[in-house]
Amino acid sequence: MSNSNFTRRGVLKTGTIAGAGLALPTYLSAAAHEGFTNAPTGDTVTLGFNVPQSGPYADEGMDELRAFELAVEHLNGQGDGGMLSTFSSKVLDGTGIMGKKVGFVSGDTQTKSDAARASAKSMIEKDGAIMISGGSSSGVAVAVQGLCQEAGVIFMAGLTHSNDTTGKDKKANGFRHFFNAYMSAAALAPVLEQLYGKDRRAYHLTADYTWGWTQEESIAAATEALGWETVEKVRTPLASTDFSSYIAPVLNSGADVLVLNHYGGNMVNSLTNAVQFGLREKQANGKNFEIVVPLYSELMAKGAGRNIAGIVGSQNWDWKLENEKGDRYAGTNAFVQSFGEKYGFPPSQAAQTCYAQTLLYADAVTRAGSFNPCAVVEALEDFEFDGLGNGPTLYRGGDHQCFKDVIVVRGKENPENEFDLVEIVEVTPTDQVTYPVDHPMFSGGALGSCNPGA
Amino acid sequence: MDQIILQFLNGLDKGSAYALIALGLTLIFGTLGVVNFAHGALFMIGAFCAVTVQRILTLSTVVEDPTKTDFLGNPSKISTPYVESWFGPETGAALIDWSVPLAIVFAIPIMVVLGFIMERGLIKHFYKRPHADQILVTFGLAIVLQEVIKAFYGANPIPTGAPEVFRGSFDFGVLIGFDPNAIIYPYWRMVYFAFAAVIIGAVFAFLQFTTFGMVVRAGMADRETVGLLGINIDRRFTIMFGIAAAVAGLAGVMYAPINSPNYHMGMDFLVLSFVVVVVGGMGSLPGAVLAGFLLGILEAFASMNEVKAIFPGIDQIIIYVVAIIIILIRPRGLMGRKGVMEE
């Protein structure tokens, strides 16, 4: 040890420099086109799919990418056509988009805003992508949406659930098919009342970033309107892996419900920790202690294993929807069949939203008769459609948010197989989750006007 | 008072993980003089040893069930684990239930061999290279190991449960006169703390009471003189690398039921463990253990609502704040030797 030529300062300094070097973003030169950004000139049109291919959401990102590939196949007339046959708009005929074959490039968001912007920028400037879609995080969606607005391309958001995406951070060039935190809360509240009653005391653990804040605000407001009391709202660092020190005080706080406003790995770990601390077996205020996770996905349910059993949450879509709730959700079975035949397992809600977004973009271009982003915006605004698996849906012009039914789910106690992890408890109709454009939870930003770029 | 006891207990199990990883990290630094940025990856691989054993024990025969259909309308499949077919349903189910403790036996040789391969195959070529090269190569190795695990197991966390008998929690508060539910603590975290104490004790006993350990300690103090006595200190240090890898791996195996393993978990612990080593005193084994528990407990206290109300966000930075203070006051770290790493 005494012979070592290392110094503490040297090691620390070198480590810092090495880390900074690895994190350097990539800057790429800009390329402009006339008329509007990346106007397609040949016989192909390029779409950019920006999904997490590394990092904690890589599996969800890969599922999105599978859905995008399937959508491109169907647009180009390959495969079984998937939801093209059930989609209420009939302008897509399997010959690409306006006769141009659809090609795509993909980028890796890494679920980091700067990396996502860099990869979107590269796809726009280097590969000529005319539309960007995908993503598994609201922080990333807001960042990429802003970039697309500046660059003059359309952004068809993937999985993003923060109110801010179509609230204070909404942009004219951005569109969201996925539901949001307000809708989750509005859909969950009546079910929570039915299951757990009106006299409850809730303790919130919330991921400390844009999605967590809006999820906490939404679910707290909805449950307080039922008569529930909010005992405590505790913010947890996004980088947390062990939530024991946040969960340990819950039982002694007077609360009888724990609301986990966590997503992805955060949720898997916090739920696992909560079950380890025996919360689900305890009684508080003379009632069974309950845990609520306002938003969770199939992959999260898989990660949480048996801990998800009995946990109530909400989803944008579920692959069993048409079988269990009927023809209103037409398109679901066509998509599940198409996806399942190709990949061997049912699609996730992230995959469904990405597939639908690609078709909706292609349809809007075709109906508009132009790839010009401003024409596409006009075609999508206040567009009413059906047959994409969610029932009748409206793309509202005032904020570019889709309005459709919301599904309330519960983790299955005894799943029959690895794909059958949640059961559909309720489908909350659209009118119960609809809110005015100027709702306070969505205020603070302006849609602005579309930017065609170039 | 109950909250203080509760957070102290929380700090102990967090500290156990920090101490076990930091112990291996400082052992490698003390012997080979290498800051091993791949050490967190060894912890992660340990956790995936538990996943692998679970998967091996649940390998199944699959038969079609014509009475049910899968999501595509094809006949669904019924899986029966081989261990249940071979040893009977009860014994087979018990083996699967105890997959994490069983994984300890599986993980030790895997981790020791992996440690040898890492040291002999890559790291030894960088002993005489600058600090930057060593850090970059071990960090690069960590990324490669991560990606290999991701390629095999995916990015999603994989639930790996503790044996049924250790699930749930113990009402510790009732034992010491508090109200029911005041101090609840999970059984498996108690097991983890006890396991960490045994491993730490075993490593210290090995170094303190065996001839091999004595030579290693002598080599850590003065490598050249030990070499001049005709002892092949390099070989012993390589073995210590293997032991350090096994310690990190065992920490990972037993951590698997606490948080579902994912390919990135090593990186989550690496930076904190590095800070623990610096605070404890680089190369100091007792320092690593002391700093591991100290920082784990401080982190738990910092996440108390009462503390956060006074210092918002303190839970995110407490470890780094304490590290800065300790390094400013005592640059060699808590138990670092005078003159070592003080420049």
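How many residues does the contact take from chain A, and how many from chain B? The contact takes 50 residues from chain A and 55 residues from chain B, where two residues are in contact if their C-beta atoms, placed from the backbone, lie within 7 Å.

Before I continue, please note that this is a predicted model, in which local features need pLDDT of at least 70, side-chain atom pairs count only at pLDDT 80 or more, and totals for chains, interfaces and linings use all residues. Residues are numbered from 1 along each chain as its sequence is written, while chains are lettered from A and ligands numbered from 1 in the order in which they are written.

Let us stay with the side of chain A that touches chain B. Helix 1 (8–22) of chain A is among the elements giving two or more residues to this side, and with seven residues helix 1 gives the most. Other such elements include strand 7 (229–236) and helix 8 (265–276) of chain A. Helices (H or I, at least four residues) and strands (E, at least two) are DSSP runs, numbered from the N terminus. By residue type, this side divides into 20 nonpolar, 21 polar and nine charged. Here Ala, Val, Leu, Ile, Met, Phe, Trp, Tyr, Cys and Pro count as nonpolar, Asp, Glu, Lys and Arg as charged, and the others, Gly among them, as polar.

I turn now to the domains. Chain A is assigned domain 1 (44–179 + 324–404) and domain 2 (182–315), with bounds from an automatic or database domain assignment. Taken over C-alpha atoms, the centres of the two domains are separated by 30 Å. In chain A, 15 residues of domain 1 are in contact with 15 residues of domain 2. On the domain 1 side, helix 4 (138–151) of chain A is one of the helices supplying at least two residues; its share, three residues, is the largest.

Next, the nonpolar core. The largest has 243 residues, and those with the most contacts inside it are Leu258(A) and Leu23(B). Such a core is a set of buried Ala, Val, Leu, Ile, Met, Phe, Trp, Tyr and Cys residues joined through C-beta atoms within 7 Å; buried means that 20 or more other C-beta atoms lie within 10 Å of a residue's own. Leaving aside neighbours within four places in sequence, Leu258(A) is in contact with residues including Tyr203(A), Val250(A) and Ile291(A).

Finally, an open sheet of three strands in chain A has the order 13-14-15, with antiparallel pairing; strands pair if DSSP finds at least two bridges between them.

Methods:
Buried ≥ 20, exposed ≤ 12 C-beta atoms within 10 Å, placed from the backbone.
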